[in-house]
Amino acid sequence: MDRNESILQTEKKWSIKDMIRFFKPAILAVAVTVFLMNFVFINAYVPTGSMENTIMAGSRIFGMRLLHDYRRGDIVIFPDPDGSRQYLVKRIIGMPGDMLEIRDGEVFINGCLLEEHYLKETMEPEEDFSLLLPKDGYFVMGDNRNDSYDARYWDNQIVYGKNMVGIVLLRYWPVTEFKFLR
């Protein structure tokens with residue numbers, strides 16, 4: 001028997017059962033990964049500077065889909081309320097039932113000035129704005145207020161909790177910018 005016949009005989013010994021046994025760990029790993037990334041975690045790319053200096057343009061972030069205890073200051077991922085089919089990343093500023101006001105470049109919640117240590121720079125004053133948030137309604141803004149297209153400018157200014165995809169937990173790319181965000 002020559003070498004080629006030996007290889008052919010070896011190949012003939014593989015049954016369907018053997019192939020399933022061989023590929024089962026890889027198939028299981030892919031299935032678990034697909035499940036986790038579609039139902040538990042979310043991985044996203046941030047293309048713009050609207051969240052600078054917290055999340056820089058070109059950063060990659062990792063979030064959790066199962067967290068629904070939204071808090072003021074959380075950075076969330078959600079579909080564009082105006083229907084662009086893009087996911088957006090912004091910070092929760094107003095919570096359900098809040099009276100939100102923006103006056104002279106400052107944000108007030110229920111009449112109290114909101115302390116915002118995460119802002120890139122002081123917000124430039126613009127036209128006064130006020131909004132009473134409904135039940136399950138959130139108001140979101142970018143940290144780079146002077147360069148963020150956020151709820152202040154959208155047609156549908158309220159993001160509902162049921163539409164939020166997840167809460168951002170960490171910024172992992174670039175590696176030199178790794179940081180937990182919640």
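Author: Start with a definition: buried means under 20% relative accessible area, exposed means over 50%, and partly exposed lies in between. Note that the model is predicted.

Reader: Is phenylalanine 41 buried, exposed or partly exposed?

Author: The relative accessible area of phenylalanine 41 is 21%. Buried needs a value under 20%, and exposed a value over 50%. Phenylalanine 41 is therefore partly exposed.

Reader: What kind of aromatic pair do phenylalanine 41 and phenylalanine 62 form?

Author: The count of aromatic pairs comes to eight. In the pair of phenylalanine 41 and phenylalanine 62, the centres are 5.1 Å apart and the planes are at 25°. Planes under 30 degrees apart count as stacked. The pair is stacked.

Reader: How many residues apart in sequence are the parts this pair ties together?

Author: Phenylalanine 41 belongs to strand 1. Phenylalanine 62 belongs to strand 2, so the pair ties together parts at a sequence separation of 21 residues.

Reader: What separates the C-alpha atoms of valine 168 and phenylalanine 62?

Author: Valine 168 is in strand 11, residues 166-173. Its relative accessible area is 0%, so valine 168 is buried. Its contacts beyond four places in sequence include Phe62, Ile75 and Leu181. Along the chain, valine 168 and phenylalanine 62 are 106 residues apart, yet their C-alpha atoms are separated by 5.9 Å.

Reader: Which side chain makes a polar contact with the side chain of threonine 54?

Author: Threonine 54 is in the loop between strand 1 (41-46) and strand 2 (59-64). At 11% relative accessible area, threonine 54 is buried. Leaving aside neighbours within four places in sequence, its contacts include Ile75, Tyr118 and Asp143. The polar contact, at 3.4 Å, is with the side chain of arginine 91.

Reader: Which residue stands opposite glutamate 101?

Author: Four strands form an open sheet in the order 7-6-5-8, with antiparallel pairing. Within that order, strand 5 (residues 99-103) and strand 6 (residues 106-109) pair over four bridges. The residue opposite glutamate 101 is in strand 6. Arginine 103 lies over its face, 3.9 Å from the ring centre. The residue is phenylalanine 108.

Note on methods. Residues numbered from 1 in each chain as written. Predicted model: local features only at pLDDT ≥ 70, side-chain atom pairs only at ≥ 80, totals over all residues. Heavy atoms only, no water. Helix = DSSP H or I, 4+ residues; strand = E, 2+ residues; numbered from the N terminus. Buried < 20%, exposed > 50% of the residue type's maximum accessible area, 1.4 Å probe, protein only. Polar contact = N/O pair within 3.5 Å; in protein donor to acceptor, adjacent residues only side chain to side chain. Contact = heavy atoms within 4.5 Å. Phe/Tyr/Trp six-rings, centres within 6.5 Å; stacked < 30°, edge-to-face > 60°. Lys NZ or Arg CZ within 6 Å of the ring centre and 35° of its normal. Pairing = 2+ DSSP bridges.
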